[in-house]
Amino acid sequence: MKYASVTDRLAGLAGAKWALHARARAMKASGEDIIELTIGEPDVPTPARFIEAASRSMAAGRTGYSNGRGEPGVVAALAARYSARRGREITRDQVMCLPGTQTVLYAVLRAMAEAGDEVLIGDPMYATYEGLIAQTGATAVPVPLRPEHGFRMQVADVAARITPRSRVLFLNTPHNPTGAVLRVDDLRALGALAKAHDLWILSDEVYEDMVFPNVPFASPLDLPELAERTVIASSISKSHAAPGFRSGWCIGPAEFCARLLPLSETMLFGSQPFIADLTELAVSEPSPVAAGMVDRFSRRAALLARVLDGVAGLRVHRPEAGMFALVDVRATGLSGEAFAQGLLDRQKVAVMPGESFGAGLQGWLRLSLTQPDDRTAEAANRIAAHAASILGNAA
């Protein structure tokens, strides 16, 4: 049988990157005591008031069809939220609601790029980004995010990779997997480059509400001079501990959203009204769980640094936001993949190999900060022991 070329472009770009996580889950299901530091799922349940809001909405009959833009209430709530946060008016026709950030990014990229185009993307990158770009037919052009710059994208590195085929500058701030947060000066400089080369700016900002203390958050949406070319994506998955509800949105120019609407209607023809009602409540007030996660995740990142930094040549990169920390294991002589596989087999600790997030993290690990403090400390001790045993065996 003949398959569409998109199936070839996406082969190996989805679940294959999570193979170690799947193996760890299988070991856990068979009864082994695995400390799981792989995926980024909030460490608290979805707040009961949001579940109750969805339940009330369903009971009230809000279970019919919606539309491709989103229910009027949540669209209005998002316009008000971003107007207040960005200090300039965001109108309802600048809002589009779709199921989760992943779907938002899929649709937005589909509207921005196609075969023959190039999308500039930071490396390392979230594991699904390569596939999101590939599905459009465009080519991902990795821009190195360097540890010596705190993994923040540098204008010179972007400029060196721009060609006449460049169409999109794809940002992620706060960044997964590094936890880096772009500053307003970074965004001004990157924005000037985007304007000079007529690039779209797509910014995934799903971790906006999870920035650590004393770190300023900035968005290209803050800058009026970038308004005509900026689209941001976000959701309630992280900030409101509601990943299973798959409720996301994009904010962008009204013309862009008007062009995106037929694509949204072709894909989905609307999200569930009862989830829209839950989301309207969630985005109309501060998250009841984000501040607690920020406190715990920043504390656990510091804990990992105390236990691991300098032990057996390991180096911990302290995040500025989000729910992950990075550990440099290159001193052991192993790749991140080899180190992580051995760690799971010998120490029963599951982490993500850095290679799952691009060439820029070869020889690194990504550790989730979502386990309780005592389990995080135990995992750190086991990682240190594993690294020491590798160096000991090599001596």
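**View 1. The side chain of Ser66 makes a polar contact with the side chain of Glu71, at 2.6 Å.** A polar contact here is a pair of N or O atoms within 3.5 Å, where, within protein, one atom must be able to donate a hydrogen and the other to accept it, and where residues adjacent in sequence count only if both atoms are side-chain atoms. The model is a predicted one, in which local features need pLDDT of at least 70 and side-chain atom pairs count only at pLDDT 80 or more, while totals for chains, interfaces and linings use all residues. Residues are numbered from 1 along each chain as its sequence is written, and side-chain values use heavy atoms, with hydrogens and water left out. Ser66 is found in the loop between helix 3 (48-59) and helix 4 (72-86); helices (H or I, at least four residues) and strands (E, at least two) are DSSP runs, numbered from the N terminus. With a relative accessible area of 12%, Ser66 is buried, a word that means under 20% relative accessible area, against over 50% for exposed and partly exposed in between (1.4 Å probe, protein chains only). Not counting residues up to four places away in sequence, Ser66 touches Glu71, Phe269, Gly270, Ser271 and Pro273, where contact means heavy atoms within 4.5 Å.

**View 2. Tyr129 and Phe170 form a tilted ring pair.** A pair of aromatic rings is described by the distance of the centres and the angle of the planes. In this pair the centres are 4.5 Å apart and the planes stand at 35°, so the pair counts as tilted: rings of Phe, Tyr and Trp (its six-membered ring) pair if their centres lie within 6.5 Å, and planes under 30 degrees apart count as stacked, over 60 as edge-to-face and the rest as tilted. The two residues come from distant parts of the chain, Tyr129 from helix 6 (residues 129-134) and Phe170 from strand 5 (residues 166-172), 41 residues apart. Tyr129 is buried, at a relative accessible area of 2%, and Phe170 is buried too, at 1%. Ring pairs join Trp18, Tyr126, Tyr129, Phe170 and Phe357 into a cluster, and a search of the whole structure finds 6 aromatic pairs.

**View 3. An open sheet is formed by 7 strands, in the order 2-8-7-6-5-3-4 and with mixed pairing.** Two strands pair if DSSP finds at least two bridges between them. At the edges are strand 2 (95-98) and strand 4 (139-144), each of which pairs on one side only. Strand 3 (residues 118-123) pairs with strand 5 in the parallel sense over 4 bridges, and Glu118 stands opposite Ser166 in strand 5.

**View 4. Val316 lies in strand 9 (residues 315-317).** Val316 counts as buried, at 12% relative accessibility. Its C-alpha atom is separated by 7.4 Å from that of Leu304, which is 12 residues apart from Val316 along the chain. Leaving aside neighbours within four places in sequence, Val316 is in contact with Leu304, Ala305, Leu308, Asp309, Leu326 and Val327.

**View 5. Leu344 belongs to helix 12 (residues 336-347).** At 0% relative accessibility, Leu344 counts as buried. Not counting residues up to four places away in sequence, the residues that Leu344 touches are Leu20, Arg23, Ala24, Met27, Ile34, Val349 and Ala350.
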